[in-house]
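Please read the following account with the sequence and the model side by side.

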Amino acid sequence: MLHALTSIVAQQGSGGYKWMPERASSYAAEVDWAFNFVFWISVFFFALIVILTVVFAIKYRRRPGVEADNSITHNTKLEVFWSVVPLGLVIVIFWFGFSGFVDMRTFPKDAMVVKVHAKMWSWSFEYPNGVESTTLHVPLGQKVKLRMDSSDVLHSFWVPAFRVKQDVVPGRYTYLWFEAIKTGTFRVLCTEYCGTGHSTMLSAVEVQSPEAFKAWMAEESSGKNLSPVERGKKVFSLKGCAGCHTVTKDRKKLVGPGLYGIFGHEVTLAGGKKVLADENYLRESILDPNAKVVNGFPPIMSLIPLKDKELDGVIEYLKSLKD
Amino acid sequence: MTSIPMPEEGTLTTKPVVDETNYLKSAYGIKSWLLTQDHKRIAIMYMIGIGIAFLLGGLFALAVRLELWTPTKTIVEAATYNKLFTLHGAIMTFLVLVPSIPAILGNFVLPMMLGAKDVAFPKLNLLSFYLWLLGAIGFVVVLFAGDLDTGWTFYAPYSIRTQTAVALAATGAFILGFSSILTGLNFMVTIHKMRAKTMGWFRMPLLLWGLYATSVIQIVATPVIGITVGMLFLEKLFHIGFFDPKLGGDPVLFEHFFWFYSHPVVYVMILPAMGVISEIITAMSRKHIFGYTFIAFSSIAIALFGFLVWGHHMFVSGQSSLMSTIFSLLTFSVSIPSAIKVFNWLATMYKGSISLAPPMLFAMGFLFLFGIGGLTGLFLGTLNTDVHLHDTYFIVAHFHYTMMGSALIGLIGGLFFYWPKIFGRMYSHLLGTISFILIFVGFNLTFIPQFLMGSMGMPRRYYNYPPEFQAYHQWSTVGSFVLAAGLFTALWCFIHSLFRGEKAPDNPWGAVTLDWKTSSPPHHHNFDIVPPVTDPYDMDDVYWDEESKGYISRSQQAALQELAAGVSGTQEKNS
């Protein structure tokens, strides 16, 4: 804790405390400029308020024999002055924020469109050629437009390094765009509260050089000859199953039951009935999640549409989770 | 003041003596409190009730801060953490901050400031209190029966899908809404109809302008939250399809409904606090308020503009960019009347004779904290910076500076200011000063780190968080405990005063408004004889009286002498 304080102080020594994370998108600089503009105006007025409060409290502190000067009750000119000056300033602030916002909300025509699927509690990204991934890969210097949807509740897509944020609303598409100006991995966070796993609904943007991006894309789209188990494992991760279900041996409970070794075992359902977790049970639980809910868990799993081959893969993958 | 023989101290009395000159002794027994129609006793019942709710909400806050000591699990599971911050927010907003100053201080002083015996509808006033109590009980039931994990904002469709007690909490909020509406209605009618005969609108103390503006918001905005939670309730029970997209509803519609009330309601919290600060600064500086008219109209302006800015909570919600732009522009309009008030308060201190007794310390603390709260609002009204800062700890820090740092400090400062009037006892200035220092230091230590981590990338309502933010969270947690220590010191100071405090003079601070021109504690009917109405800030009206250790009003004294002369005159004629 102390260490962090000294590092904050040290940062202050070396060119000022950084309020903002690193800048990795084309309009991050503009946002930071507006932030700093408002910051220094605020510092000025805050200093004015605090200095006047303290100076008056000392200078005009109550002393015997000294009366307050009660001849001053108002001064219209002065009051109009300190109403109009802030008004002018806030209009200027509004203008900077507005022009920056227009840039964020004006979508370029030549952008690569990536579809973003949000659900409790995972992100997945779908590229124009159909490739899907759990982290967002984008080439440096390429304008990217995200078309986002949610299959359950409100989420919000935030990349602090890009200064972009947009709620993802079930029942409609929402959009945002950016152009990355720096290679590297940048954090993606959900910023609209969405339940138990809200703070684990994280992902990343990988900004790669155009060549590296191409190579990654080529590898992703070529590797189609996966075994059913491998395919299932990939679907399991892409569709965000891991947000609620662990696959580790300790069978740790998250929001849903742990799935290690579940195949071939009896499970107790809500209401006390027992069923054997065979292939058909697994199939039903994926296709109609709330039909037979395991005892002690809330019936909140949403339906995740799968193609036949994906469904088969997931079942094979679950079967493979055993000693 | 007329003197009525007091029972000698030390005399043993089997029955408590009924004393009409002291509302605390005008009747005895539990029924005399629970069924009272006296606005002063209702105020005290609110004080106790809201105090308990505040304690509960505060304990939840401390639990939240403890959990955030480490980036992963510290004391509770994620689901419990979500319930803790939800209950903290819901209790603090609906049970504490919304009623706070109007229900406690407003109830106590509003009729006295007007020179009235009571509010216009005393029974309705009592009903308001019981509605508050019913709503509060509803929340306690939620606490034990089903919990709530939606955040205090109840955003759909999460609130529709969750298994927790949303319907019950919605019912509680609905009932609390009525309490708020009825209080607003009562105050508004009282201010319109029950001012002393010669009290024009511009002879009203500024706290009344603040409470009047608050009443407007309570009456106009609160029905909308009632409708909103009502719709949520129906949606939850009958799956109608207002807000849930699965049923053809629109979640953004819920946000509009919710913020149409919940933005104006922050002015329900802050406007009365601003009124209290106006009263404290002028009295403690012994100086006429600077720019009465500007301060009065700025309250009204805030109330009106406050209705037109709700969309600034929704810049990234999916509402149209044009709407966001209009809301951003309108949002800045609210900052102007707030700025005017701050400058006018500073100008009031200029060439004053400033006492640094606890009420003034809290008022100056208010200027500092409201300065930060207000100025950080500029970052959030600005469109492109808000996109980055929305739903981060920057927001959390900002609204705690405005809602707690300002509104609640206004309440505590107001309690220190009016305490001698309410209970007729002075308190230890030393304890009051210590509590102020702890509250002030603790508050800033809690929330300044939250600004820093928010803009760096820390989202709100996160149970786990990236480890680089741990130091900020730990400072914040330490701060929250210092803050709690300060609040408990204030509580101790008040309780100590009840038992050990010196008897308070009628007017310890030299305020000129009518509420200080009655005994401390006041008569059962507030005034024996209603004092003459003067300019509420004409400091020449009062002078220090060494004998009573308080201030005495010249105009009131003159009126009483005249009356006495008149009475003896008629007696002479009669004889």
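How many bridges join E6(A) to E7(A), and do these strands run parallel or antiparallel? Five bridges join the two strands, which run antiparallel; strands (E, at least two residues) and helices (H or I, at least four residues) are DSSP runs numbered from the N terminus, and two strands pair if DSSP finds at least two bridges between them. The model is a predicted one, in which local features need pLDDT of at least 70 and side-chain atom pairs count only at pLDDT 80 or more, while totals for chains, interfaces and linings use all residues. Residues are numbered from 1 along each chain as its sequence is written, and chains are lettered from A and ligands numbered from 1 in the order in which they are written.

Within this strand pair, Val159(A) has Val164(A) of E7(A) as its bridge partner. Four residues lie between the strands of the hairpin, and Arg163(A) takes a positive phi near 60° there. E7(A) is largely enclosed by the rest of the structure, because five of its five residues are buried; a residue is buried if 20 or more other C-beta atoms, placed from the backbone, lie within 10 Å of its own, exposed if 12 or fewer, and partly exposed in between. In a regular strand the side chains alternate between the two faces of the sheet. In E7(A), Val164(A), Gln166(A) and Val168(A) point one way, whereas Lys165(A) and Asp167(A) point the other way, and all are buried.

Elsewhere in chain A, five strands form an open sheet of mixed pairing, in the order E3-E2-E1-E5-E8. Its edge strands, each pairing on one side only, are E3(A), residues 132-133, and E8(A), residues 174-179. E3(A) runs antiparallel to E2(A), residues 122-126, and two bridges join them; Phe125(A) has Ser133(A) of E3(A) as its bridge partner.

Taken as a whole, chain A has seven helices and twelve strands. The domain assignment, which is automatic or taken from a database, gives domain 1 (10-63 + 73-105), domain 2 (112-222) and domain 3 (228-320) of chain A. The centres of domain 2 and domain 3 of chain A, taken over C-alpha atoms, are separated by 26 Å. Eleven residues from domain 2 of chain A and eight residues from domain 3 of chain A take part in the contact, where two residues are in contact if their C-beta atoms, placed from the backbone, lie within 7 Å.

Chain B has 18 helices and two strands. Its radius of gyration is 24 Å, close to the 25 Å that the globule rule gives for 575 residues, so chain B is as compact as a globular protein of that length. Of those 575 residues, 61% count as buried. One of the buried residues is Leu361(B), which counts as such because it has 24 C-beta neighbours inside 10 Å. Leu361(B) is found in H13(B), residues 358-381, and, leaving aside its neighbours within four places in sequence, is in contact with Leu356(B), Thr433(B) and Phe436(B). The C-alpha atom of Leu361(B) is 7.9 Å from that of Gly413(B), 52 residues apart along the chain.

Another helix of chain B, H16(B), covers residues 429-456 and reaches 41 Å from its first C-alpha to its last, close to the 40 Å expected for its 28 residues; the expected span is 1.5 Å times one less than the number of residues. Just after H16(B), Gly457(B) takes a positive phi of about 130°.

Finally, the two chains meet where 74 residues of chain A are in contact with 75 residues of chain B. The elements of chain A that each supply at least two residues to this side include H1 (2-13), H2 (28-59), E6 (155-159) and E7 (164-168), and the largest share, 15 residues, comes from H3(A).

Technical notes:
Rg over C-alpha atoms; globule rule 2.2 N^0.38 Å.
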